[in-house]
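Trainee: I would like to learn how to read strands and overall shape in a model like this one. Could we go through it together?

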Amino acid sequence: MAKIVIALGGNALQSKDSAPTAEGQLEVVRYTCERIADISKSGYEVAIVHGNGPQVGRILLASETANDVTPAMPFDVCGAMSQGYIGYHVQQALKYALSVRNISYPVLTVVTQVVVDEKDPAFQNPTKPIGAFYTKEEADKLIAERGYQMKEDAGRGWRRVVPSPLPKKIVEIDSIRQLWDSSIVISCGGGGIPVIERMDGTLEGVAAVIDKDFAAELLAEQVNADVLMILTEVEKVAINWGKPDQQNLDHMSLKEAAQYVQEGQFAPGSMLPKVEAAMNFARTFPGRKAIITSLDKAIDALEGKTGTVITFA
């Protein structure tokens, strides 16, 4: 059976129209898992990586709001909490979706640490906004009292920003490999809990967010996957996005993708990391492919009917 690593975007976990509650999330996850179960039934060995942006922000906010009752949780701990409860929802929904298709694979979540380089330039230039919006006065107080780095966010207020370093090593990769043949494994949730490896071998969590698409690509490399599928809100990658001459792309070679990246065709923090992650996979495995598409078109994309395919040539 072919191996596929699926990276789920935020829209696959939480609808814009549903309430930001655990119950609302579970309803969306059920639909998502129906599509993943279809992929499993079509003959793929599946692993799942999910984002956690909205969820970890809410956990952080709840922790900070309750600071007068219990101490606020460190950011890496909030990330671990999000891995647990999102994984729990996916486990429930996917196990049921598989069972009605007469598939009896176990589904489990690995709380995953991912090593980052403490010298990564991202630590000198935090850009990833997390949590709630604040006034300038509130932001200044958080800077003074907690040492947060705060930035104004598109006229909507001030938000805490954290670094977004590149993933270097998946700490639990050996366990994930051992589980692969017998289970569907959910790992590297939210890009993984970012940790720094010290000289004595200990791991130390840091306040950062790893892009889940880069984490999914690293996982796909290390489990020798045949396909990396990055699911997002659009059916295909496009150039000249939102303009009269917008062009949806069926295929990109590494050379073409690099040219579009250089032209600034893809928005940072949105489509750019997806394309760059897909390029990394195609570069590492010249005979294999990365696919970027929407959740509802995933099966069609695997059959070559839609989506954007990125290959070495």
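This is a predicted model: local features need pLDDT of at least 70, side-chain atom pairs count only at pLDDT 80 or more; totals for chains, interfaces and linings use all residues.

Trainee: What makes two strands a pair?

Mentor: Two strands pair if DSSP finds at least two bridges between them. The strands themselves (E, at least two residues) and the helices (H or I, at least four) are DSSP runs, numbered from the N terminus. Here, strand 16 (residues 289-294) and strand 17 run antiparallel, joined by three bridges. Strand 15 (residues 251-253) also has three bridges to strand 17, but these two run parallel.

Trainee: Which way do the residues of strand 17 point, and are they buried or exposed?

Mentor: In a regular strand the side chains alternate between the two faces of the sheet. In strand 17 (residues 308-311), T308 and I310 point one way, V309 and T311 the other, and all are buried. Buried means under 20% relative accessible area, exposed over 50%, and partly exposed in between (1.4 Å probe, protein chains only).

Trainee: In what order do the strands of the open sheet lie?

Mentor: The order is 8-4-10-11, four strands with mixed pairing. Strand 8 (169-170) and strand 11 (203-205) are at the edges with a single partner strand each, so one side of each has no neighbour in the sheet. Strand 11 pairs with strand 10 (residues 193-197) in the antiparallel sense over three bridges, and there E197 stands opposite L203.

Trainee: How many helices and strands does the protein chain have?

Mentor: The protein chain has nine helices and 17 strands.

Trainee: What does the radius of gyration say about the protein chain?

Mentor: The radius is taken over C-alpha atoms, and the globule rule is 2.2 Å times the number of residues to the power 0.38. For 313 residues a compact globule would have a value near 20 Å, and the protein chain agrees with its 19 Å. Its C-alpha atoms fill a box of roughly 55 × 45 × 45 Å along the principal axes. Of the 313 residues, 50% count as buried.

Conventions: Residues are numbered from 1 along each chain as its sequence is written. Side-chain values use heavy atoms; hydrogens and water are left out.
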